[in-house]
Protein chains: 2
Amino acid sequence: MHSLSNFVFTRVLNEDPILKTLTLLGTVPATATATTTATAEEKSQEVQPVILLIEKTHFATQSAESNITCRISELLSTGSNDIYHWWNAIILEGKAYDPDLKMTVISPVTEAHIAKYSRQERKMITETAEIYHKAILPWIESQPKSRIQWVYNILEGLKEQENIILRDNDADTGFIVLPDSKWDKRTLSSLYLLAISMRSDVRSLRDLKPEHLPMLKNLRDKIMALIPVRFPGVASDEVRMFVHYHPSYYHFHVHVTHVSAQVPGSTVGQSHLLDTIIDNIENIDPDYYRKASIRFALGVNHPVYTLIQGYQSSPQ
Amino acid sequence: MHSLSNFVFTRVLNEDPILKTLTLLGTVPATATATTTATAEEKSQEVQPVILLIEKTHFATQSAESNITCRISELLSTGSNDIYHWWNAIILEGKAYDPDLKMTVISPVTEAHIAKYSRQERKMITETAEIYHKAILPWIESQPKSRIQWVYNILEGLKEQENIILRDNDADTGFIVLPDSKWDKRTLSSLYLLAISMRSDVRSLRDLKPEHLPMLKNLRDKIMALIPVRFPGVASDEVRMFVHYHPSYYHFHVHVTHVSAQVPGSTVGQSHLLDTIIDNIENIDPDYYRKASIRFALGVNHPVYTLIQGYQSSPQ
């Protein structure tokens, strides 16, 4: 794919008005290599599906010389009240050094890609301790180890070693730290690191007990010490450390983000602060995570959602 | 103010690359009315500060006829890997029905406005039970009741009655529900309601004990029942109910948002799910909120931040 002049719009797969993102499904003429056996006429009619992920860019660096207000071609007043004035603005055509959109084109795509990039209906649901032990834990245990082979590849030093920022090889309390794939590795105000435990017996926070406190504290304290040294300008108390429940893979890991980064996955009902976890086990109840009912938002196609719904309608 | 042709950029007050928002401080020539006693020459040099809040617009409704890809004037490839292709795009000058920016101009502004719209440095900090009882609670108790007079005005039926969606007048378990001022009252996918307790003896979640479980459950259950009736298209399990700690005012209230709305205040370390609160008190420990260490992100100018820092350096 080299241009969008032949792109034909099919439908919107997803959009987010707060993040200003849009995901479109459409078609482009099938490439010649894919249709070598077709006649010229057939070729002209064959199309292939493509997905466009489109995002408005952030504003370019502002200065007295380069300023968004210099690009405004027209202002349209939409209202006024006291000292407040509301306008819509149209801006002049952009320049290559200040583009308007960032795009990812996925081509060609399969039905699986289309499902992955389509809006998922999300619901709040509660996992009681009983549901976890009777319906969810057996499902987690049934998953093949090969699904998290990529984690072992990193821990064992076989892959992504160039990315590792910190390594503590202690079998009980050790962990590695590397940049999260969503981080651009540059912008400190959106810093996003991932810490992965060396232990493979902690699948999620549900497994955490007092015996894991040394691991949790070692991880917290060493990352707090690392941050200002490795990322000058970011202080130890300017990072938020949390785990997801449910996580996207069942090997204990901790997300580390800059406190001012509004990371979508850091929402209450999906995330649990590392310090709250330590306090719950140490100060409130050693069995906290074996007993708690945990509520979270989940896509209705997620296996955990289906398992909880199924258990509620006919407990085993 | 009627145009920006005379706007002179001073500095960036704030920006958010994820939300694509920018807050600029600048100056415009002082208006004639403000300088009637000045000479013509003085007038030409006098300027007044203004604040511009600028936000990129979301994409206009997509259809086969009206499509963002039709506005692209140039594509600049930034990389490619397998089926993934990354591009920057420049778009043609916009139209009045599809503006590029939404702007709020505040003019004239004072130092207080500038402070309010400037980026606040935020830090993570932990409030132990000891710090709460010795340093924070006395500060909360010292606040004049007049600061939350607006809450009593609503509860007592004196103000904003036209906004009330639900009222339960029970002195122990009652509450009112009204739209949050941040909601546009139209877009269901960004639904945002506020529930305010009738009781005035619960200042925050720190005060919650087993005796409050009937109030918490009454509030939860009645709002769950209200949602699909009052907002057809939104199901009971498509709202997230949570409280802030610290709240912005010390009279117990609950935030109710659509599960797919990425509300900035719903971040872990600022928000606590209502269902988690109920479970912690009922199922884990009746004294949970009297004992817990609570960690949160807070602006360094917030009085609570100053009090905790002060207590840590010299406990009383």
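This is a predicted model: local features need pLDDT of at least 70, side-chain atom pairs count only at pLDDT 80 or more; totals for chains, interfaces and linings use all residues.
1. Helix α5 (residues 213-230) of chain A packs against helix α6 (residues 274-284) of chain A at an angle of about 150 degrees, and their axes are 11 Å apart. α5(A) and α6(A) are therefore roughly antiparallel to each other. As for handedness, α5(A) and α6(A) make a left-handed crossing.

2. Which residues make that contact? From α5(A) come A:Leu213, A:Leu216, A:Lys217, A:Leu219 and A:Arg220. From α6(A) come A:Leu274, A:Asp275, A:Ile277, A:Ile278, A:Ile281 and A:Glu282. Sorted by class, the contact of α5(A) with α6(A) holds seven nonpolar and four charged residues, with no polar ones. You can find each of these names in the sequence above and then look for its side chain in the structure.

3. Next, the sheet of chain A. Six strands build an open sheet, and their order is β8-β9-β10-β12-β11-β13, with antiparallel pairing. Where are the edges of this sheet in chain A? They are β8 (166-168) and β13 (271-273) of chain A, each of which has a single partner strand, so one side of each has no neighbour in the sheet. From one strand to the next, the twist averages 25 degrees.

4. Strand β11 (residues 239-244) of chain A pairs with β13(A) in the antiparallel sense, over three bridges. Here A:Phe242 has A:Leu273 of β13(A) standing opposite.

5. α5(A) lies across β8, β9 (175-179), β10 (192-197), β11 and β12 (253-258) of chain A, and runs at about 40 degrees to β9(A). α6(A) packs on the sheet too, where it touches β11, β12 and β13 of chain A. The direction of α6(A) makes about 65 degrees with that of β13(A).

6. The axes of helix α3 (residues 129-141) of chain A and helix α8 (residues 303-313) of chain A come within 10 Å, crossing at roughly 135 degrees. That angle makes α3(A) oblique to α8(A). The crossing in which α3(A) passes α8(A) is right-handed. On the α3(A) side the contact has A:Glu130, A:Ile131, A:Lys134, A:Ala135, A:Ile136 and A:Trp139. These meet A:Pro303, A:Val304, A:Leu307, A:Ile308, A:Tyr311 and A:Gln312 in α8(A). By class, the contact of α3(A) with α8(A) has nine nonpolar residues, one polar residue and two charged residues.

7. How are the two chains related? Chain B is superposed on chain A by a rotation of 180 degrees with 0.3 Å of shift along the axis, at an RMSD of 0.6 Å. The two copies are thus related as by a two-fold rotation axis. Which C-alpha of chain B is nearest the axis? That of B:Glu93, which is 1.9 Å from the axis. The same surface serves both copies, since 99% of the contact residues of chain B recur in chain A.

8. You can now read chain B for yourself. Helix α5 (residues 213-230) of chain B and helix α6 (residues 274-284) of chain B have axes that come within 11 Å and cross at roughly 150 degrees. α5(B) and α6(B) are therefore roughly antiparallel to each other, and their crossing is left-handed. Residues from both helices make the contact, among them B:Leu216 and B:Arg220 of α5(B) and B:Ile278 and B:Glu282 of α6(B).

9. Last, the sheet of chain B. Six strands form an open sheet here in the order β8-β9-β10-β12-β11-β13, and the pairing is antiparallel. β8 (166-168) and β13 (271-273) of chain B stand at its edges. How many bridges join strand β9 (residues 175-179) of chain B to strand β10 (residues 192-197) of chain B? There are five, and the two strands run antiparallel. In this pair, B:Pro179 stands opposite B:Leu193 in β10(B). α5(B) packs on the sheet, with its direction at about 40 degrees to that of β9(B). α6(B) packs on the sheet as well, touching β11, β12 and β13 of chain B.

How values were computed
Residues are numbered from 1 along each chain as its sequence is written. Chains are lettered from A and ligands numbered from 1 in the order in which they are written. Side-chain values use heavy atoms; hydrogens and water are left out. Copies are superposed by least squares on the C-alpha atoms of residues with pLDDT of at least 70 in both. Contact means heavy atoms within 4.5 Å. Axes are lines fitted to C-alpha atoms, for helices over the stretch in contact, and angles run from 0 to 180 degrees between N-to-C directions. Helices (H or I, at least four residues) and strands (E, at least two) are DSSP runs, numbered from the N terminus. Angles under 35 degrees count as roughly parallel, over 145 as roughly antiparallel, 65 to 115 as roughly perpendicular and the rest as oblique. A crossing is left-handed if the near helix is turned anticlockwise from the far one by less than a right angle, and right-handed if clockwise. Ala, Val, Leu, Ile, Met, Phe, Trp, Tyr, Cys and Pro count as nonpolar, Asp, Glu, Lys and Arg as charged, and the others, Gly among them, as polar. Two strands pair if DSSP finds at least two bridges between them.
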